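Here is a short tour of one protein model, with the sequence and the coordinates to look at as you read.

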Amino acid sequence: MRIALVGCGAVTQAVYVPLLSRRRDLFEVSAVCDLSPALADAVGDRLGAAGRYTSVAEMLAAGGFEAVVVLASGSHGETVRQALAGGYAVLCEKPLALTRAEVAALPEGRLMVGYMKQYDPAVRRAEEVLAGLGGPEVIRAVEVTVLHPSGESQLAFANLTQARDVDPGLLASLRSAENELVSRALGEAAPEAVRSLYGVSLGSICHDLSLLRRFTGSPNEISYVETWGAAPGSIEISGPLPVRGRFSLRWHYLEDYPAYRETVTIHHDRGSLELLFPSPYLMNAPTTLTVVSDAESRTHWREVTEAFEVQLAAFHAYVNDGKPPLTDVGGGLEDIVTAQRIAARYAVQHELPIGGEAA
């Protein structure tokens, strides 16, 4: 299947380039697009892509591919809209957009939202175990802890090509446009503390929201939100699960922490399921599933199959065989709504202004 890549930054270089290089049985990269010509050339050279663009519109008009993989930073709403309108299938890395309005503006088409942790073999095994126990009805609590060191430290091994050839005026214009989208989501008067919380919720915590969606369904209510430390700092979120029990989530940005660590634990009346995730940038590093059952017996399960690679194969199956993705436009919208509920709860607790869609 011939594809085009939009965005040639850190995740593309560290994750997608190696995976697409070894999965040429599934994909041929025909075109790449980035604001930086240097990045487009670097990624294009590594993947053998003939088309090199700095404009999404120009790339879509030129064609020569069947699907678009959106990997750029920021809101993906407009890029996805253009690609779907052009008749292309789309794999869009999270988040789908920054506002509900962007999602509402999307035309009909084949759209898969990328949450690679949903495709992790350990997560799929945990889903099977939970279903065998009785599903969401047996859950007493879900507890999540994320220890997040700097992106630079996580990517130090990758020897990334840096973008130093993008017009500063263009970057400023794009930042302004993105800030306007956040204002539409949270209101013009939303202070920086609320905006930062929303950014982390959609940029990182959304992975855990997507797992809650798979295991229990998205929370309909956020009871409590607190932050502390210099932004992005630490974030605590809790609330009831839609069927039974409650969830609690603690996310900590620790710049100099030795390694990324994410733990998702599901407690039920007879035991627990614990998922321990490594850094997402380390290819084929296994996620460990520990099943605690009767008499305190512990079963550990791990597999080195790369979640990002399974996700790419699922996209291929979606486009060519019609197999539905784990997250479609509806799931992507659910996570935006939950992130807005998080921001709104924090604003209300602290008597801060909140408007826009979140109000």
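## Charged pairs

Glu 236 and Arg 250 make a salt bridge, and their closest N and O atoms are 3.2 Å apart. Glu 236 belongs to strand E9 (residues 234-240) and Arg 250 to strand E10 (residues 246-253), so this pair ties together parts that are 14 residues apart in sequence. Glu 236 counts as buried, because its relative accessibility is 19% and the limit is under 20%. Arg 250, at 33% relative accessibility, is partly exposed.

Salt bridges with shared partners also link Arg 22, Arg 23, Asp 25 and Glu 309 into one network. Within it, the side chains of Arg 23 and Asp 25 meet at 2.8 Å, N to O. Asp 25 is exposed, with a relative accessible area of 56%. Please keep in mind that this is a predicted model; the structure holds 16 salt bridges.

Another pair sits in helix H6, where Arg 124 and Glu 127 are 3 residues apart, about one turn of the helix. Their closest N and O atoms are 3.3 Å apart in a salt bridge. Are the two partners buried or partly exposed? Arg 124 is partly exposed at 32% relative accessibility, while Glu 127 is buried at 16%. As a general point, side chains of opposite charge can pair when their charged atoms come close.

| Salt bridge | N to O distance |
|---|---|
| Arg 23 and Asp 25 | 2.8 Å |
| Arg 124 and Glu 127 | 3.3 Å |
| Glu 236 and Arg 250 | 3.2 Å |

Is Lys 117 buried or exposed? Lys 117 is buried, with a relative accessible area of 4%. Which side chain does Lys 117 join in a polar contact? The partner is Glu 262, and the contact is 2.5 Å. Beyond its neighbours within four places in sequence, Lys 117 is in contact with Val 123, His 207, Leu 211, Tyr 260, Glu 262 and Phe 277.

Not counting residues up to four places away in sequence, Ser 204 touches His 148 and Trp 251.

## Nonpolar cores and a surface patch

In soluble globular proteins, nonpolar side chains tend to be buried together. Here the largest nonpolar core has 75 residues, and those with the most contacts inside it are Met 59, Val 80, Val 142, Leu 186, Tyr 198, Ile 237 and Leu 275. Helix H9 (residues 192-215) gives the most to this core, with 11 residues. Apart from this core lies another of 37 residues, including Met 1, Ile 3, Val 15 and Val 69.

Setting aside neighbours within four places in sequence, Leu 186 is in contact with Val 194, Arg 195, Tyr 198, Ala 343, Ile 354, Gly 355, Gly 356 and Ala 358.

On the surface, Leu 35, Leu 170, Leu 171 and Leu 174 form a nonpolar patch, with about 280 Å² of accessible area together. Leu 174 lies in helix H8 (residues 168-186) and counts as partly exposed at 39% relative accessibility.

## Backbone details

Two cis peptide bonds deserve a glance. One runs from Lys 94 to Pro 95, with omega near -10 degrees; Pro 95 is in the loop between strand E5 (89-93) and helix H5 (100-104). Another joins Ala 231 and Pro 232, with omega about 5 degrees, and Pro 232 is in the loop between strand E8 (224-228) and E9.

Positive phi values also turn up in residues other than glycine. Asn 159 has phi near 50 degrees. Asn 159 lies in the loop between helix H7 (151-154) and H8, and is exposed, with a relative accessible area of 71%. Asn 284 has a positive phi of about 65 degrees. Asn 284 is in the loop between strand E12 (271-277) and strand E13 (287-292), and is partly exposed, with a relative accessible area of 25%. Leaving aside neighbours within four places in sequence, Asn 284 is in contact with Arg 22, Val 304, Thr 305 and Glu 306.

Notes
Residues are numbered from 1 along each chain as its sequence is written. This is a predicted model: local features need pLDDT of at least 70, side-chain atom pairs count only at pLDDT 80 or more; totals for chains, interfaces and linings use all residues. Side-chain values use heavy atoms; hydrogens and water are left out. A nonpolar core is a set of buried Ala, Val, Leu, Ile, Met, Phe, Trp, Tyr and Cys residues joined through side-chain atoms within 4.5 Å. Buried means under 20% relative accessible area, exposed over 50%, partly exposed in between (1.4 Å probe, protein chains only). Helices (H or I, at least four residues) and strands (E, at least two) are DSSP runs, numbered from the N terminus. Contact means heavy atoms within 4.5 Å. A polar contact is a pair of N or O atoms within 3.5 Å; within protein, one must be able to donate a hydrogen and the other to accept it, and residues adjacent in sequence count only if both atoms are side-chain atoms. Patches are made of residues with over 30% relative accessible area and no salt bridge: like charges are joined within 9 Å, nonpolar side chains (Val, Leu, Ile, Met, Phe, Trp, Tyr) within 5 Å. Accessible areas come from the Shrake-Rupley method with a 1.4 Å probe; for residues, only the protein chains shown count as cover. A salt bridge is a side-chain nitrogen of Lys or Arg within 4 Å of a carboxyl oxygen of Asp or Glu.
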